[in-house]
Amino acid sequence: MKHKRIVVTRYGGPDALQVVEEQCPTPSRGEVRVKVLAAGVSLPDIMAREGIHPETPPVPFTPGWDLVGVVDQVGPGVSGVEPGQAVAAMPIHGAWAEYVTLPEEALVPVPPGLDPAEAVSLVLNYITAYQMMHRSAAVKPGQRALVHGAAGGVGTALLQLGRLAGLEMYGTCSPRGAETVSRLGATPIDYGREDWVAEVHRLTGDGVDVVFDPIGGNHLWESRQTLRPGGVVVGYGLRSSVRGDGLVSQRSGRRHRFGGAARFALLIAAARLLPGRKRIVPYSIQTLLRMRPQWFRQDLVTLLELLQQRKVAPLVAERLPLAEARQALEVLGRGGVTGKIVLVDGAASPRAAAA
Ligand SMILES: NC(=O)c1ccc[n+]([C@@H]2O[C@H](COP(=O)([O-])OP(=O)(O)OC[C@H]3O[C@@H](n4cnc5c(N)ncnc54)[C@H](OP(=O)(O)O)[C@@H]3O)[C@@H](O)[C@H]2O)c1
């Protein structure tokens, strides 16, 4: 049987992506073949295409951090899952394919009846948001939070989980995202027009307890200026390195993949040395997945339950077929996307498929 997958042939812009058709993979011992129903599109995929994400594999590789699908075939020695079962996984790369093979232990069961596109939004975006909020910052009801990129994939997840956690929230966004940010319970701040540090102080008086910052670089330092004493900035991305279809630096390639980390380390150290008890801490889902795999599983199960109870409702910005992966990254890179773009299996009925 043949299947299609997306391949990054070299590090660079949208032209680096190709659709290839080849023989379906066969699961080895301990592996499961999954038919992918929904695969997430996120900023780390642009960074991997350009070669600058720390997790970038050597070319050629298939991108795609997260997926929801149905077990299609099990390899020898697999006993915990059976064909037809809906599952979720975060392989970090490889999800942009019609079929993937994964170790059995990488799979988390998905309850029946969930929309695969909504369920896949939980994997990278909501686990990131949940772990930053409850494991890195350990937020308490009544605290104030500033969420940057508040209309984006992780941003909207932070706002939905922040509301459940009883936080008072402020969210930076462009004007296109302001209505969504208000609807999700935060006060929108236009980062392009306003001096957002001054605006946070004007709105709150003495600042916020926690800032979630995906922008990186000097922006982390400005975020620190909005903190109350004892507050923390959780830094988790380098949005500032991507502009439109490519990189601000225009320097693609894997040798640049740790460039952002060195600067990050400097800022963390400087924040510790200065008085005021205002910390900057890093968050990385892949590091925590490797160090504490049980947390990843536990947190995803919690989030799937919240989705079943409709206590969270991921915003799916667009559902595109796998063959349009290139366009999906172009749309995301241009900005102004509210929520998450998802690549869906064209043949699957969105709601019935994972039932
Ligand atoms: N550390 C981890 O484990 C981890 C996990 C997942 C994601 N991430 C990181 O999280 C970041 C966000 O990913 P995503 O998939 O959620 O991306 P996304 O959907 O593109 O969201 C990013 C948002 O940032 C906004 N934005 C851009 N520049 C901004 C600025 N200067 N100030 C405030 N907002 C700004 C954009 O709004 P407009 O387009 O309207 O300007 C957009 O809504 C990326 O840097 C990614 O690498 C990290």
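How closely do the axes of H2 and H3 come, and at what angle do they cross? I looked this up before anything else. The axes of H2 and H3 come within 8 Å and cross at roughly 50°. An axis here is a line fitted to C-alpha atoms, for helices over the stretch in contact, and angles run from 0 to 180 degrees between N-to-C directions. H2 and H3 are therefore oblique to each other. On the scale I used, angles under 35 degrees are roughly parallel, over 145 roughly antiparallel, 65 to 115 roughly perpendicular, and the rest oblique.

**Ground rules**

I noted that this is a predicted model, where local features need pLDDT of at least 70, side-chain atom pairs count only at pLDDT 80 or more, and totals for chains, interfaces and linings use all residues. Residues are numbered from 1 along each chain as its sequence is written. Helices (H or I, at least four residues) and strands (E, at least two) are DSSP runs, numbered from the N terminus.

**H2 and H3, continued**

I checked the handedness next. H2 passes H3 in a right-handed crossing. A crossing is right-handed if the near helix is turned clockwise from the far one by less than a right angle, and left-handed if anticlockwise. From H2, the contact takes Asn125, Tyr126, Thr128, Ala129, Tyr130 and Met133. From H3, it takes Gly153, Val154, Ala157, Leu158, Leu161 and Gly162. Two residues are in contact if their C-beta atoms, placed from the backbone, lie within 7 Å. I sorted the residues of this contact into eight nonpolar, four polar and no charged. Ala, Val, Leu, Ile, Met, Phe, Trp, Tyr, Cys and Pro count as nonpolar, Asp, Glu, Lys and Arg as charged, and the others, Gly among them, as polar.

**H2 and H9**

I then turned to H2 (residues 116-136) and H9 (residues 293-308). They pack at an angle of about 115°, with axes 9 Å apart. Their crossing is right-handed. On the H2 side I found Tyr126 and Tyr130 among the contact residues, along with Leu122 and Arg135. H9 answers with residues including Trp295, Phe296 and Asp299. The contact of H2 with H9 has twelve nonpolar, one polar and three charged residues.

**H1 and H10**

Here I looked at H1 (residues 43-50) and H10 (residues 325-334). Their axes come within 10 Å and cross at roughly 110°. That makes H1 roughly perpendicular to H10. Leu43, Asp45, Ile46 and Arg49 of H1 meet Leu329, Leu332 and Gly333 of H10. I sorted these into four nonpolar, one polar and two charged.

**Two domains**

I read off domain 1 (2-120 + 292-344) and domain 2 (124-288). The bounds come from an automatic or database domain assignment. Their centres, taken over C-alpha atoms, are 25 Å apart. In the contact between them, 38 residues of domain 1 touch 35 residues of domain 2. On the domain 1 side, H1, H9 and H10 each give two or more residues. H9 gives the most, five residues. I sorted that side into 18 nonpolar, eleven polar and nine charged residues.

**The ligand**

Which residues come nearest to the ligand? I found Gly149, Gly152, Gly153, Gly237 and Gly335, out of 31 residues around it. A residue is near a molecule or strand if its C-beta atom, placed from the backbone, lies within 6 Å of it. H1, H2, H3 (153-164) and strand S9 (168-173) each supply at least two residues of the shell. H3 gives the largest share, three residues. The shell has 15 nonpolar, 14 polar and two charged residues.

Most residues other than glycine have a negative phi, and most peptide bonds are trans. I found that the bond from valine 59 to proline 60 is cis, with omega near -5°. Proline 60 sits in the loop between H1 and strand S4 (67-74). Isoleucine 92 is not a glycine, yet has a positive phi of about 75°. I placed isoleucine 92 in the loop between strand S5 (86-89) and strand S6 (99-103).
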